[in-house]
Amino acid sequence: SVEEEAISIPLQTMCGAIFDAILVHMMTVLAPDSWQGLRTGMCDKLNRKKNHRTVEILETTYKNADIQFLQEVAATFIDA
């Protein structure tokens with residue numbers, strides 16, 4: 001029901017925060033000197049430079065494709 005969905009939002013948020021805390025604790029214990037660099041690299045590739053990397057993949061891996069179907073692309077792809 002709608003009421004149950006509304007009640008579950010705080011619980012879902014708490015579960016997500018607990019999961020994140022467990023991951024941070026694990027990485028702090030297992031790789032205290034290197035995990036921040038790994039996290040930064042993943043954020044760069046998956047978030048900060050996502051559009052640039054996507055265009056790079058399309059221009060290299062799929063350069064010989066006659067047709068490329070893209071769904072829900074960012075406005076930056078209009079000029080690419």
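Is Cys43 buried or exposed? With a relative accessible area of 18%, Cys43 is buried, where buried means under 20% relative accessible area, exposed means over 50%, and partly exposed lies in between (1.4 Å probe, protein chains only).

## Basis of the report

This is a predicted model, in which local features need pLDDT of at least 70 and side-chain atom pairs count only at pLDDT 80 or more, while totals for chains, interfaces and linings use all residues. Residues are numbered from 1 along each chain as its sequence is written, and side-chain values use heavy atoms, with hydrogens and water left out.

## Helix α1

Helices in this report are DSSP runs (H or I, at least four residues), as strands are (E, at least two), and they are numbered from the N terminus. Helix α1 covers residues 2-30, which amounts to 29 residues. From its first C-alpha to its last, α1 reaches 42 Å, close to the 42 Å expected at 1.5 Å a residue. The expected span is 1.5 Å times one less than the number of residues in the helix.

Where does α1 bend by about 30 degrees? The bend is located at Ser8, and a proline, Pro10, follows within four residues. The bend at a residue is defined as the angle between axes fitted to the seven residues ending there and the seven starting there.

## A nonpolar surface patch

Leu11, Met14, Ile18, Phe19, Ile22, Leu23, Met26, Val29 and Leu30 make a nonpolar surface patch of about 870 Å². Patches are made of residues with over 30% relative accessible area and no salt bridge; like charges are joined within 9 Å, and nonpolar side chains (Val, Leu, Ile, Met, Phe, Trp, Tyr) within 5 Å. The accessible areas come from the Shrake-Rupley method with a 1.4 Å probe, and for residues only the protein chains shown count as cover.

Ile22 counts as partly exposed, at 45% relative accessibility.

## Salt bridges

How many salt bridges does the structure hold? There are two, a salt bridge being a side-chain nitrogen of Lys or Arg within 4 Å of a carboxyl oxygen of Asp or Glu. Side chains of opposite charge can pair when their charged atoms come close. Asp44 is partly exposed at 22% relative accessible area, whereas Arg48 counts as exposed at 57%.

Another pair is Arg53 and Glu56, with the closest N and O atoms 2.7 Å apart. These two residues belong to helix α3 (residues 50-60) and stand three residues apart, again about one turn of the helix. Arg53 is partly exposed, with a relative accessible area of 37%, and Glu56 also counts as partly exposed, at 34%. An α-helix has 3.6 residues a turn, so residues three or four places apart point the same way.

## Cysteines

A disulfide is a covalent bond between the sulfur atoms of two cysteines. Here a disulfide is counted as a pair of cysteine sulfur atoms within 2.5 Å, and the count comes to zero. Cys15 counts as partly exposed, at 44% relative accessibility, whereas Cys43 is buried.

## The segment after α3

Which residue has a positive phi of about 50 degrees although it is not a glycine? That residue is Glu72, found in the segment after α3. Glu72 is exposed, with a relative accessible area of 76%.

Ala75 lies in the segment after α3 as well, and Ala75 is exposed at 60% relative accessible area. Ala75 and Asn51 are 24 residues apart in sequence, and their C-alpha atoms are 9.9 Å apart in space. Asn51 lies in helix α3 and is partly exposed, with a relative accessible area of 30%. For Arg53 and Ile78, the separation is 25 residues in sequence and 15 Å in space, C-alpha to C-alpha.
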